Amino acid sequence: MTGARVTAAGWGWRHAGRSRPAVSGLDLDIQPGERVLVLGPSGAGKSTLMHALAGVLGDDEDGDETGDLRIDGERPSRARGRVGLVLQDPDSQVVLARVGDDVAFGCENLAVPRAEIWPRVTEALAAVGLDLPLRHPTSALSGGQKQRLALAGVLAMRPGLVLLDEPTANLDPDGVVEVRDAVLRSVQASGATLIVIEHRVAVWEHVVDRVIVLDPAGGILADGPTERVLSAEGERLAAAGVWIPRYPPARPHRVPSAGGAGRELLLEAERLAVGRVPFARKQAVVVADGLDLQVRAGEATAISGPNGTGKSTLALTLAGLLTPAGGRLSAEDQLAAGLAAAPHRWRSRDLLERIGTVFQDPEHQFLAGTVREELAVGPRALGLAAAAQAERVDGLLHRLRLEHLADANPFTLSGGEKRRLSVATVLATRPRLLVLDEPTFGQDSRTWAELVRLLAELLDTGTAVVAVTHDADFVSALADSRLVLAAGEGQHPARPAAGSIRTTRPPQKQPS
């Protein structure tokens, strides 16, 4: 199989209900077998372009198209068998209940002979480092494991055009390299064309041939060989919000707290076990246990570790959204304010001003039809007056660069915009503790800096932050302490067990 050629002539797309196009005036010619990194500020239309190339953007009811977009001279909707797409959202890509069946799904739809499918499945799972039985339930996978699963499904199809939309955003550092190298081996062997969207340039800059930078105002900001674009255009692109390693964003200056001295204890875990109840199971499956943790006012705790070690499950448990599978989790009076000590026993109304949670998947917490209405949900539930609601909403729209999207449907935003909105909805109720799962996912350098600066201000006023993150820059900029979940010996029914977590010294803060 040869690589696919991609061409665009004045191409653009405006989503239904939006006044401005997501992409406009795009001219492209990508040759078969090229490896291309697509960059651009948040909201520049990168994901829209990928969806269009995959033939899944929609029809006339979903938006208005201008110009021409082709794959090997065909409309993308007629070239779907030639294209494999890995999306930003891991959950949206899982189709079947078992790992092996899910990877085989694309091959089956392409009518690959049965005798050839299962060797491809095994090979693809090994390539992406997903070492699980073929019968393993997909409902038991972490976000990072689901991302590997989706990539395995694409590699097994052996397409002529591989499209990756933030493929490493939910992966631990070792997984990033492993998945990137798996992709490179696959496209080298097949001759496929590769187009990657990735905010963090350093992962891909030395392995791609070309960089294309989309302009939010339409057209292209820069296009050319990787080294030339990043060197000659680096300063200009960084000013536009593109992550350029030579021009890192400014960080807020924070003074690390001295071991919790003088800080109020809000939440404490002792030998805590956390787990989930998978589909069709009655008993919780523990994914991490023996956890000791203290959360104090004005301090940020970063939780990291390999994919599948229970980071997101721990976050949901600390937030009172999952029942502990063992051990003790207790809120102190400063946080509980007269309620029971166990956060999972609190009503949702009680959580609003105490613990705010940002899920790994932003769409799981959207309730309203517009961005402005979404931000008003929490303040309205708290019974705030209309003027106070508007003040909070308008302030967050401005701080997180969402003003121009105030009347847009949250589900039509880009991945980075959805993440900022999900964070903003939690900030709107001003809780004492923020539990954030990958809060900087999909952010360009400008929006990353603004989000980190806002969280730093909240920390300085006494808000506590617990963040699940693989973002080393975020940890360095904000974290007072770090918890690293170690890979255990696999999942097991709920029971007390030895600890699988270790603590490290707080990272050194650097002034901006």
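The stops below go from confidence to helices, loops, cores, salt bridges and the surface.

**Before you start.** This is a predicted model, in which local features need pLDDT of at least 70, side-chain atom pairs count only at pLDDT 80 or more, and totals for chains, interfaces and linings use all residues. Residues are numbered from 1 along each chain as its sequence is written, and side-chain values use heavy atoms, with hydrogens and water left out.

**Confidence.** Colour the chain by pLDDT, the predictor's confidence in each residue, from 0 to 100. The mean for the protein chain is 87, and 92% of its residues reach 70 or more. Now select residues 489–512, where pLDDT stays under 50. For this stretch the model has 66 contacts beyond four places in sequence, a contact being heavy atoms within 4.5 Å.

**Helix H1.** Helices (H or I, at least four residues) and strands (E, at least two) are DSSP runs, numbered from the N terminus. Select residues 46–53, which form helix H1. Because 7 of its 8 residues are buried, H1 is largely enclosed by the rest of the structure. Buried means under 20% relative accessible area, exposed over 50%, and partly exposed in between (1.4 Å probe, protein chains only). The buried residues of H1 include Lys46 and Met50. After H1 comes Gly55, with a positive phi near 75 degrees.

**Helix H8 and Gly320.** Go to residues 311–318, helix H8. Here 6 of the 8 residues are buried, so H8 is largely enclosed by the rest of the structure. Among them are Lys311 and Leu318. Which residue with a positive phi follows H8? Gly320 does, with phi near 80 degrees. Gly320 sits in the loop between H8 and strand S13 (326–331) and is buried at 9% relative accessibility. Leaving aside residues up to four places away in sequence, Gly320 touches Pro343 and His344.

**Glu34.** Select Glu34, in the loop between strand S2 (23–30) and strand S3 (35–39). Glu34 is buried, with a relative accessible area of 17%. Beyond four places in sequence, the residues Glu34 touches include Asp29, Thr193 and Arg210.

**The cores.** A nonpolar core is a set of buried Ala, Val, Leu, Ile, Met, Phe, Trp, Tyr and Cys residues joined through side-chain atoms within 4.5 Å. The largest has 51 residues, and Leu164, Leu194, Trp204 and Val213 have the most contacts inside it. Helix H4 (residues 143–157) gives the most to this core, with 7 residues. A second, separate core of 37 residues includes Leu405, Leu434, Leu436 and Leu454.

**Salt bridges.** A salt bridge is a side-chain nitrogen of Lys or Arg within 4 Å of a carboxyl oxygen of Asp or Glu. By this rule the count is 25. Show the side chains of Glu123 and Arg158, which form one (3.5 Å, N to O). Glu123 lies in helix H3 (residues 114–127) and Arg158 in the loop between H4 and strand S6 (161–165), so the pair ties together parts that are 35 residues apart in sequence. Next, select Arg347 and Asp350, whose side chains meet in a salt bridge at 3.1 Å, N to O. Lastly, Arg399, Glu450, Arg453 and Glu457 are linked in a network of salt bridges.
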